[in-house]
Amino acid sequence: MKIMLIYLISWVSVLGWTMNNWLMIWYLMEVCLVLFLGLCTVGKGYSVTESMMSYYLIQVIFSLIMLAFILFYMFNLGYLCNFILIMGMMVKVGMFPFHFWFIMICGKLEWLSFFMLSTLMKLIPLILLYYLFSMLSFFLIMMSSAIFGSLMGLNSNAIQKMMGYSSMITICWLIYSMSISLNLFFVYFTSYSAMLFWLTNILSKYNIFYINQFKFNSMSLDTKIVIFSYSLSISGFPPFLGFLVKWLVINYLWYLGFKFVVSLMVFISVLTVYFYLQMIFFVMVVFSSWVKWYTSNFVSFSMLSFMFLLSYFILFIFY
């Protein structure tokens, strides 16, 4: 059943990118919503169903508002209000200040459902944002979303919530890559999806949802290093794959003259790297069974983090 739902969500999401009619794209987006609800609630208890109902009501309210403005435009009953449509898309992809539903259900989903919500479920809203995108009008929206996501992720103990805040920053990178080239967007999206899939697959295998659960799991050192590598790759730390695709976006934006945007996004990515490093510190050191460093290595960890983060600025300055 789940495999069939995943296949349908994937097929409908890709189909949405082939449409050039606003009403049809909206329809496919709502089909994805219903399929995703089925994926999340199949075989689950009351608590998950309750949170899914809240998610469904929020999505439907904003979808109906979007539909009203699309119909007004199609039947010449009024002008298409870009602000309302952008607001609806911000809700769909979970951008600040409409991220509340996304963070609310993070931590209550299976890792497979979280992966689908963070990747394929955002494909159709992203194509609508692509039609409405303007670098000047989107600047404040994207910077506020990226800054809020980077700051809130610092104090999160739930791994899904932390990755949810991280995805708020990734959405900004995806939109900027889409504004440059759709080919670059697909490279970025495919790379991010692959990295997220392997990380969620490992966490699902060990049934880990909170950082302190690593204390009760007998992972091998090799598995911890794999988690470490994928986490840094998603955050965009060099020389991993996540950094390479971000470097392509940085390269194009710098060439186009958006130097302030690049500088701000690099600084925000540094914060993202830090809260992933924080998680890895607990996994590799505090909750490790093969070494017991609890207090004496906080200074060394801080120095190590500083050296890692300094590499961002060195690359940025020399470039």
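**Figure 1. V42 in a loop of the predicted model.** V42 is partly exposed, with a relative accessible area of 31%. This residue sits in the loop that links helix 2 (22–41) to helix 3 (46–74). The model shown here and in the other views is predicted.

Figure 2. Patches take in residues with over 30% relative accessible area, and V42 has 31%.

**Figure 3. The largest nonpolar core.** This core has 100 residues. Those with the most contacts inside the core are F36, Y55, L117, I159, M163, M265 and M279. Helix 9 (residues 159–180) gives the most to the core, with 13 residues. Domain 1 (1–132) and domain 2 (137–318) each supply at least three residues to this core. In soluble globular proteins, nonpolar side chains tend to be buried together.

**Figure 4. The surroundings of M279.** M279 is among the residues with the most contacts inside the largest nonpolar core. When neighbours within four places in sequence are left aside, M279 is in contact with I159, M162, I211, I227 and S231.

**Figure 5. The chain as background to the close-ups.** The chain has 14 helices and zero strands. Of its 319 residues, 51% are buried. The chain exposes about 14800 Å², and 72% of this area comes from carbon and sulfur atoms. Among contacts between residues at least 6 apart in sequence, 75% join residues at least 24 apart.

Definitions and conventions:
Residues are numbered from 1 along each chain as its sequence is written. This is a predicted model: local features need pLDDT of at least 70, side-chain atom pairs count only at pLDDT 80 or more; totals for chains, interfaces and linings use all residues. Side-chain values use heavy atoms; hydrogens and water are left out. A nonpolar core is a set of buried Ala, Val, Leu, Ile, Met, Phe, Trp, Tyr and Cys residues joined through side-chain atoms within 4.5 Å. Buried means under 20% relative accessible area, exposed over 50%, partly exposed in between (1.4 Å probe, protein chains only). Helices (H or I, at least four residues) and strands (E, at least two) are DSSP runs, numbered from the N terminus. Domain bounds come from an automatic or database domain assignment. Contact means heavy atoms within 4.5 Å. Accessible areas come from the Shrake-Rupley method with a 1.4 Å probe; for residues, only the protein chains shown count as cover.
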